[in-house]
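Here are my notes on the model, written as numbered points. Have the coordinates open as you go through them.

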Amino acid sequence: MTSPTRLWSGTLSEYSEFIEASQLYNRVFRYGDKGLALNSNLLSALVHNGGSAVGVRSAEGRLIGFAYGFPGTDGTTSFHYSQAAVVDPTHQGQGIGRMLKEQQRQVALSWGAKLMRWTFDPMLSRNGHFNFNSLGGVGVRFHEDYYGRERTDRLLVEWALDEQADPYAEYRQMRPPSDFDQNAWGTAIEAGALRWIPIDAGLVAGEDETEAISWGRANLRSTLRDLYADGFVVVSCQRADARTSAYLAVPSSTATAPVKG
C-alpha cells in the first residue's frame, strides 16, 4: 500500500493537469456520455475565480485523486460547493479522499468560505461513512432526482470549515444494531427519538442497476423524504454487519442535546 506521506497534494492549474483530471473523473464514474465530461476551460476559470481544482499524485507522479468546486449560495447562506471528488480505484481506502477534502478546505478558506457543501448518492454507504463519520459533515437536505434524471437522488452534506466543536459527536459514536433484516433495507427503524436506516453495504459507484438495487433505492427515497419533512438530519453511517450499513437520523433540534435511543 502506498504511504500517504509519499503523496503530493495541491492545486491543479495547467491544461495538461485538467486533461488528466477529466480522464480520471470519467474512468471512476464510468461516464460514456460526453455531455457528462469535464471541460478544461471551466476548471481553469474556477481556479482563477473563487473555485477549487485540487489533486493528489502518487510517488510516481500519476494523478490518483481529484476534486473541484465553486462558490455557491442558497439565497441566505454562502458556501464553497464541491461538485465532485474522485479517487483511482486502485488507491481507495488509503486516505486519498481525506487529502482531497483537506486541500479543498484550504482553498475554500483562502477565498473566505466558512462552509462547504456537496451531494452524494445515499445508496453508497462508504461515501456516507466518509462524509459523516470521517469528516464530520451533516446531511442537511434530501433532493430527489438532483440532476434531473432518474437514479440521481442525493443527500446534501454541509461541512463546517473552521475549527469548532462537533454538536453531533456523541451520535457519531453510536453503533447500529447488528440484527437488521435485509427486507428492512431502506426503511426507518425507530430507536427512541432516533431513526436507523439500514442499507446494502456493498454497493459501489457505477454499479449496474439491478431490480434489487432499484427496490432499495425506492425504499430509501420514500424514507428520506419523510424524515427530512419531519425535521431530521443524517449524521452517521456505520457498518452493522457484513452486508448491512445503517444511517443514523436525529432531530435537527437535538444538535446540542443528544438523546439516547
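1. Which side chain does E144 meet in a salt bridge with an N to O distance of 3.4 Å? The partner is R221. Bear in mind that this is a predicted model. E144 sits in the loop between β6 and β7 while R221 belongs to helix α6, so this pair ties together parts of the chain that are 77 residues apart in sequence.

2. E144 has a further partner: its side chain also meets that of R225 in a salt bridge, with N to O at 2.6 Å. This too is a link between distant parts of the chain, as R225 is in helix α6 and E144 in the loop between β6 and β7, 81 residues away. Zoom out a bit and you'll find a network of salt bridges that joins E144, D145, D153, R221 and R225.

3. Now look at D121 and R217, which form a salt bridge whose closest N and O atoms are 3.3 Å apart. D121 lies in the loop between β5 (115–120) and α4 (125–134), and R217 is in helix α6, so here the parts tied together are 96 residues apart in sequence. Both D121 and R217 are buried. For context, the structure holds 15 salt bridges.

4. Some of these names come back at the cavity. Searching the whole structure gives one cavity of 30 Å³ or more, and the largest cavity holds about 40 Å³ of space. Its lining is made up of D121, P122, M123, F142, D153, R217, L220, R221 and L224. Helix α6 (residues 211–229) gives the most to that lining, with four residues. Sorted by class, the cavity lining has five nonpolar residues, four charged ones and no polar ones.

5. The second largest pocket has a volume of about 380 Å³. It is lined by 19 residues, and G136, W159, A160, Q164 and D166 are the closest to its centre. At least two lining residues come from each of α3 (96–110), β6 (138–143) and β7 (154–160), with β7 giving the largest share, three residues. The class breakdown for this pocket is 10 nonpolar, seven charged and two polar residues.

6. R195 deserves a look of its own. It is placed in strand β9 (residues 194–200). R195 is buried yet has no salt bridge, and the nearest side chain of opposite charge, that of E190, is 4.0 Å away. What the R195 side chain does reach is the backbone oxygen of G192, at 3.2 Å.

7. Last, a point on A218, another residue of helix α6. A218 is partly exposed, with a relative accessible area of 46%. If you want a sense of scale, A218 and H48 are 170 residues apart in sequence and 41 Å apart in space, C-alpha to C-alpha.

Key:
Residues are numbered from 1 along each chain as its sequence is written. This is a predicted model: local features need pLDDT of at least 70, side-chain atom pairs count only at pLDDT 80 or more; totals for chains, interfaces and linings use all residues. Side-chain values use heavy atoms; hydrogens and water are left out. On a 1 Å grid over the protein atoms alone, a cavity is a set of points where a 1.4 Å probe fits but cannot get out, and a pocket is an open set with protein on both sides within 12 Å along at least five of seven lines; lining residues have an atom within 4 Å of a point. Grid points are joined across faces, edges and corners, and a volume is the space filled by probe spheres set on the points. Ala, Val, Leu, Ile, Met, Phe, Trp, Tyr, Cys and Pro count as nonpolar, Asp, Glu, Lys and Arg as charged, and the others, Gly among them, as polar. Buried means under 20% relative accessible area, exposed over 50%, partly exposed in between (1.4 Å probe, protein chains only). Lys and Arg count as positive and Asp and Glu as negative; His and the chain ends are not counted. A polar contact is a pair of N or O atoms within 3.5 Å; within protein, one must be able to donate a hydrogen and the other to accept it, and residues adjacent in sequence count only if both atoms are side-chain atoms.
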